[in-house]
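Reader: Hi, I'm new to this one and would like a quick tour. Can we go through it together?

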Amino acid sequence: MSHSTVPRSTTEAGTPQQLPVASHDTTAPRAGRRAGRLNPRLRFRRDRVLILMTLPAVLLVLVFNYLPILGNIVAFQDYDPYISDNGIVSILNSPFVGLENFQRIFEASAFWQAVQNTLVLFFIQIVVFFPVTVLLALLINSVVRPRVRAVAQAVLYLPHFFSWVLVVAVFQQMFGGAGMLSQLLRRHGHDGLDIMTDPHTFAFLITAQSVWKDAGWGIIVFLAALASVPQDHYEAAAMDGAGRWRRMWHVTLPALRPVIALLLVLRVGDALTVGFEQILLQRDAVGPDAGEVLDTFVWWNGVRNQDFGYAAAAGLIKGVVSIGLVLTANKVAHLMGEQGVYKK
């Protein structure tokens, strides 16, 4: 007995069956997108707890970071704070001088000397600080015993909590004219050495102090990045015959590259700020030719002389240049394939 089968795509009469045709209506995705969006009221009801939690921090930033920006108007004035007890009234009643304060700054040779010293300190610190921090992070990460790793990290991180007064005092006891190094040289028949008052080594002294104080903070950031590297990558590299150094070069350093790029962009934006308190404590020991930077220049020539319009103009120049440096460095990070501070 034969059994005839009927194809699914045809009827019993042999006529082809009409298959459903997919609709090309473009309004469906749009409707779906509209349906997926929440109106502001519903979004606020959904995220109101998070918004309320972040509201105090936002208010603090607005009050202490963005609201004072309006005070930059004094850079274009001969500002006199003693006109009134109310600062706003003093700003409104101070005479407007236009670009006179900026002209005085650009004509001052001390300003350009401060710019030169600031850039020299920045380049030395960025060349020394980041490699030392990365190498210390890799060294601590390679320690097998967790207890030894924790002790080493704590010892390196401890100076971050020291004030600059204490840091300078420690270096004075070590490298000053009556310090341990100088006394050791005299005991062996050599002349004493006073690094703390030598203007030729002042930039390296400042860099050494910054590395000793803040390297531990940078190590924490790099160790957090190293903790996110999957162990499968190291195991795959080891199976391919890669030794410890090749695994570090091809696995570890590429994992650190986004963090290094981000920190470099932020550091470039902070290039004109190389440590006000640190340098102010040691400026007189080496003289203004070697120890004057932009922040101390503003203090000695603006705030200390009560020439607040002059000081505000110098600070405004510094802020504008810093913004340009951040945008330029972030663009370079994008060209290198990194995210930087913000995405494209």
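Predicted model: local features only at pLDDT ≥ 70, side-chain atom pairs only at ≥ 80, totals over all residues.

Reader: What share of contacts between residues at least 6 apart in sequence join residues at least 24 apart?
Author: That share is 62% in the protein chain. A contact here means heavy atoms within 4.5 Å. Residues are numbered from 1 along each chain as its sequence is written, and side-chain values use heavy atoms, with hydrogens and water left out.

Reader: Okay. How many helices and strands are there?
Author: The protein chain has 16 helices and zero strands. Both are DSSP runs numbered from the N terminus: helices are H or I over at least four residues, strands are E over at least two.

Reader: And how much of the chain is buried?
Author: Of its 344 residues, 30% are buried. Buried is under 20% relative accessible area, exposed is over 50%, and partly exposed is in between, using a 1.4 Å probe and protein chains only.

Reader: What about the surface, what does the accessible area come to?
Author: About 23,100 Å², with 64% of that belonging to carbon and sulfur atoms. The areas come from the Shrake-Rupley method with a 1.4 Å probe, and for residues only the protein chains shown count as cover.

Reader: Let's go inside. How many residues are in the largest nonpolar core?
Author: There are 32, and the ones with the most contacts inside that core are L121, F122, F222, L223, L256, V274 and I279. The elements giving two or more residues to this core are helix 5 (109-141), helix 9 (202-227), helix 11 (244-269) and helix 16 (308-335). A nonpolar core is a set of buried Ala, Val, Leu, Ile, Met, Phe, Trp, Tyr and Cys residues joined through side-chain atoms within 4.5 Å.

Reader: Pick L256. Which residues does L256 touch?
Author: Not counting residues up to four places away in sequence, L256 touches V134, L138, F222, A225 and L226. Another core lies apart from the largest one; that other core has 19 residues, among them V74, F102, A108 and L294.

Reader: Where does L294 sit, and is L294 buried or exposed?
Author: L294 lies in helix 15 and counts as buried, at 9% relative accessibility. Leaving out residues up to four places away in sequence, L294 touches F111, A114, V115, T118 and L272. L294 and T273 are 21 residues apart in sequence, and their C-alpha atoms are 7.5 Å apart in space.

Reader: Switching to charges. How many salt bridges does a search of the whole structure find?
Author: Six. A salt bridge is a side-chain nitrogen of Lys or Arg within 4 Å of a carboxyl oxygen of Asp or Glu. One of them joins D295 and K318, whose closest N and O atoms are 2.5 Å apart. That pair links distant parts of the chain, with D295 in helix 15 (residues 294-303) and K318 in helix 16, 23 residues apart. Both D295 and K318 are buried. Elsewhere, salt bridges that share partners join R283, D284 and E292 into one network.

Reader: Last topic, packing. At what angle do helix 5 and helix 6 pack?
Author: About 155 degrees, with their axes 9 Å apart, so helix 5 and helix 6 are roughly antiparallel. L136, I140 and N141 of helix 5 make the contact with R149, A152, Q153 and L156 of helix 6. Axes are lines fitted to C-alpha atoms, for helices over the stretch in contact, and angles run from 0 to 180 degrees between N-to-C directions. Under 35 degrees counts as roughly parallel, over 145 as roughly antiparallel, 65 to 115 as roughly perpendicular, and the rest as oblique.

Reader: How do the axes of helix 6 and helix 9 cross?
Author: The axes of helix 6 (residues 146-157) and helix 9 come within 7 Å and cross at roughly 140 degrees, so helix 6 and helix 9 are oblique to each other. Q153, L156 and Y157 of helix 6 make that contact with G216, W217, I219, I220 and L223 of helix 9.
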